[in-house]
Amino acid sequence: MNQFIITRPLPDEYPEWFAKEIELVKEDNLVDGLQLSFIRSWDLLNTLTEEQLKYRYEEGKWTIKEIWQHILDVERVLTYRAMRYARNDQKILNGFDEKQYATLSLANNRNMKDIMEEYKVLRASSLLLIKSFTPEMLLYKGTAGRSTLSVRAVCHLILGHELHHINTIKERYLIGV
C-alpha cells in the first residue's frame, strides 16, 4: 500500500466538464478525503427516515435512495476505469446510461441498511485499490466515451461526485433538517 499523498490532478488530466465536481474536493490528500466523506455521508444518511429517503423535491427527480444507489454505481464504474487505466489499458471504454441504471436499480424497494452496508464494503474496496496505485500509475490516462482522464483525476471524481450529490441532498431534500 502506498505511503504517499494523492494530490489534486492538474487541469490537463481531465476534461473541462468534470472540473466542477473535481474542484469540490478540498482535501490535500485524496485518501483522507474519501475516508472523511464516508464518515460524514454515513452519519447523515443513517439519521434519515424512510419518508425522507423516498422524498422527491420535484416530479421526475430521484429520491435520496436512488441518488445513493447512483453514487454506488458510479463509484463502481469509476474504480473499474481507474484500475484499467492504472494497468495502462489503452482500449476506449464505453460510457453508461446513469438514468437507466438508476431506474433498473429499484433502489426504492431496497432496505437502506443494505444500501449502507454496500456503501461500506464498496468504499473499503475502492480505498484498497486506490492505495495500491503507484505515483506513476496515478498519471496514466485512459478514455471512456469522449472523456480522457488520468487515474488520479478519476479517483478525485469519485469523491467529487459524492460531494456534489451530498450538497444537492442538503440543499434540495433536507431543507430545515
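How many helices and strands does the protein have? The predicted model shows eight helices and two strands.

**Figure 1. Overall fold of the predicted model.** Along the sequence, the elements follow the pattern α-α-α-α-α-α-α-β-β-α. The C-alpha atoms fill a box of roughly 45 × 30 × 25 Å along the principal axes. For 177 residues, a compact globule would have a radius of gyration near 16 Å, and the value of 16 Å for the protein therefore agrees with that expectation.

**Figure 2. Burial and contacts across the chain.** Of the 177 residues in the protein, 49% are buried. Among contacts between residues at least 6 apart in sequence, 78% join residues at least 24 apart.

**Figure 3. Crossing of helices α2 and α8.** Two packed helices are described by the angle between their axes and the distance between the axes. Helix α2 spans residues 30-45 and helix α8 spans residues 151-173. Their axes come within 10 Å and cross at roughly 30°. Because angles under 35 degrees count as roughly parallel, α2 and α8 are roughly parallel to each other. The crossing of α2 and α8 is left-handed.

**Figure 4. Residues at the contact of α2 with α8.** From α2, the contact involves Leu30, Gly33, Leu34, Ser37, Phe38, Ser41 and Leu44. These residues meet Cys155, His156, Ile158, Leu159, Glu162, Leu163, Ile166 and Lys170 of α8. By residue class, the contact of α2 with α8 comprises nine nonpolar, four polar and two charged residues.

How values were computed
Residues are numbered from 1 along each chain as its sequence is written. This is a predicted model: local features need pLDDT of at least 70, side-chain atom pairs count only at pLDDT 80 or more; totals for chains, interfaces and linings use all residues. Side-chain values use heavy atoms; hydrogens and water are left out. Axes are lines fitted to C-alpha atoms, for helices over the stretch in contact, and angles run from 0 to 180 degrees between N-to-C directions. Helices (H or I, at least four residues) and strands (E, at least two) are DSSP runs, numbered from the N terminus. Angles under 35 degrees count as roughly parallel, over 145 as roughly antiparallel, 65 to 115 as roughly perpendicular and the rest as oblique. A crossing is left-handed if the near helix is turned anticlockwise from the far one by less than a right angle, and right-handed if clockwise. Contact means heavy atoms within 4.5 Å. Ala, Val, Leu, Ile, Met, Phe, Trp, Tyr, Cys and Pro count as nonpolar, Asp, Glu, Lys and Arg as charged, and the others, Gly among them, as polar. The radius of gyration is taken over C-alpha atoms; the globule rule is 2.2 Å times the number of residues to the power 0.38. Buried means under 20% relative accessible area, exposed over 50%, partly exposed in between (1.4 Å probe, protein chains only).
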